[in-house]
Amino acid sequence: MMMSWSWCKTTGRHEAEGTKKGSSSAGRVAAWLLLSPLLVLVVLKTDFLPTVSRTDTGLGNAKWQQQHYPHGPEAVKDMGGSASRLTCNLSNRHSDTCTMEGDVRIHGRSATVYVVAAASNHRRPENSTVTVRPYTRKWEQETMARIREVTVRYTPPPAPFGSGVIPPRCTAVHDGAPAVVFSTGGCGTNFFHAMSDLVVPLYITAREYGGRVHLLVTDYRPEWVAKFRPVLDALSAHPVVDLDSDAAVRCFPAARVGLESHNGMLAIDPTLSRHGYTMVGFRDFLRSVFSLPRPWAWSSSRPVISRPPRLVMVLRRHSRALTNEADTVAAMEDLGFDVVPARPEDVADMGRFARVVNSCDVMVGVHGAGLTNMVFLPHNATVVQIVPWGDMKWACWYDFGEPVQGMGLRYVEYEVTAEETTLKEKYARDHPVFTDPQSIHRQGKAWATFLDGQNVTLDIDRFKAAMQQVFQSITTG
């Protein structure tokens, strides 16, 4: 079977994304429909609920609208009407999603979404139910086990004598905006996964509403929400809701549970996007969010620029670190680059570092989450990924090389040789680490050996020759 590699830092080990055959979506839906009449029915008593409030009759914040949508919000589909509809996609290999319209009621504390059928449109089996873990790493069982299940229940209209599940009464009515429900409980503490698993899918899912959308977060992580507050504020004019502690029954004209995610890392497939979104457009969105001034990198074909090309070098600690980083920086300066070293402490403030990256024309770094900051580079900039020893070329390409193609950037690889890895200090040259790296992969030891287990000592002359080509490609066209 084909394996695609990605790393969920939260789990502390390498995860492989495979294409194992499983139950088809049709089979799962069929099982859902057949078994739903057998489900134990839970009656939610609603007498204790507070008085209903009504909000969001418009976009709400005129200043927000002018800041994020100066030409007016994107068209928002009218999702009202008496008919309630529920559609679930359980076949996407990245995430399960459900889309619903009509009378939608969300009770956060019980993680239950009620889609209440109109009396004239009740066609589904009574109390049909589906559960969704609203995170985008569906293939990773260990990761998904940490994600809270959200139950989506399609219910008949309230019966005269209270038979069946009684949908709770609304205590907050948001009749001007739909909801998007997702989890931050996966791998979001790692910047690569924060972008690939959450921010890009959230952009695909929520951008079309032009700010008229509520973001409801389960497995709520305050530090994640705080870090990405500028992005969240650009996607929604409303406060983010901590769904797990929310006692309200929030009612919406429509909702989505789970985020839309396309195949690949840091990827948007325009042919799958309802509005033709692209990664170039996503990067333009980020440039607007963080007020980044440079849309284009240094180029010999553009008007004369008084400064040399600027290079940001993403430096690591503990693993895959450059043991001769000072010599490497000096070599890049000798070539003519204006070098900006970026250590872990320098990248902690995302907004500040985004401005640093946007000021640069080249990003260089050993494979790792720090390279994700390439999303802030100006168009036509160059990403140079240093690939560690251990037959890691394809894995590194999948995470960063392939995404570059859709971002409007240029990509260069520099593969570390056996002479440039510190693994030579731990293993003899006849060890499988050198003679058969794939055997280490097959044993499930690639993460510990080739990612956490090595640093890199660059051959300065060899690396300088490779970067000379990069410099020439920028300065001579």
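Q: Why is S291 called exposed, rather than buried?
A: S291 has a relative accessible area of 59%. Exposed means over 50%, buried under 20%, and partly exposed in between (1.4 Å probe, protein chains only). So S291 counts as exposed.

Q: What kind of model do these values come from?
A: This is a predicted model, in which local features need pLDDT of at least 70 and side-chain atom pairs count only at pLDDT 80 or more, while totals for chains, interfaces and linings use all residues. Residues are numbered from 1 along each chain as its sequence is written, and side-chain values use heavy atoms, with hydrogens and water left out.

Q: Where is S291 found, and what is its phi?
A: S291 sits in the loop between α7 and β14. Helices (H or I, at least four residues) and strands (E, at least two) are DSSP runs, numbered from the N terminus. Phi of S291 is near 55°, a positive value in a residue other than glycine.

Q: What makes L266 buried?
A: Its relative accessibility is 1%. Buried means under 20%, so L266 qualifies. L266 lies in the loop between β13 (249-257) and α7. L266 also has a positive phi, about 50°, although it is not a glycine.

Q: How do you know that D361 and R294 form a salt bridge?
A: Their closest N and O atoms are 2.7 Å apart. A salt bridge needs a side-chain nitrogen of Lys or Arg within 4 Å of a carboxyl oxygen of Asp or Glu. The pair therefore meets the rule. Side chains of opposite charge can pair when their charged atoms come close.

Q: Why does the pair of D361 and R294 tie together separate parts?
A: D361 is in the loop between α9 and β16, and R294 is in the loop between α7 and β14, so the pair joins parts that are 67 residues apart in sequence. Both D361 and R294 are buried.

Q: Which residue forms a salt bridge with D361 at 3.2 Å?
A: R307 does, with the closest N and O atoms 3.2 Å apart. This pair links parts of the chain 54 residues apart.

Q: What makes E415 and K393 a salt bridge?
A: Their side chains meet at 3.8 Å, N to O. The limit is 4 Å, so the pair counts. E415 is in strand β18 (residues 410-415), K393 is in helix α10 (residues 393-407), and they are 22 residues apart. E415 is partly exposed at 38%, and K393 is partly exposed at 39%.

Q: How many salt bridges does this rule give?
A: The count comes to 24. Among the residues involved, E208, R256, E260 and R274 are linked in a network.

Q: Which residues of the largest nonpolar core touch the most other members?
A: M195, F282, M374 and F376 do, in a core of 67 residues. A nonpolar core is a set of buried Ala, Val, Leu, Ile, Met, Phe, Trp, Tyr and Cys residues joined through side-chain atoms within 4.5 Å. Helix α4 (residues 191-206) gives the most to this core, with 11 residues.

Q: How do you know that α4 is mostly covered?
A: 16 of its 16 residues are buried. α4 also bends by about 30° at V199, with a proline, P201, following within four residues. The bend is the angle between axes fitted to the seven residues ending at a residue and the seven starting there.

Q: What is L232 in contact with, leaving aside its neighbours within four places in sequence?
A: L202, L215, W224, V225 and V240. Contact means heavy atoms within 4.5 Å. L232 and L202 are 30 residues apart in sequence and 9.0 Å apart in space, C-alpha to C-alpha.

Q: Why is L232 called buried?
A: L232 has a relative accessible area of 3%. That is under 20%, so L232 is buried. L232 is found in helix α6 (residues 229-235).
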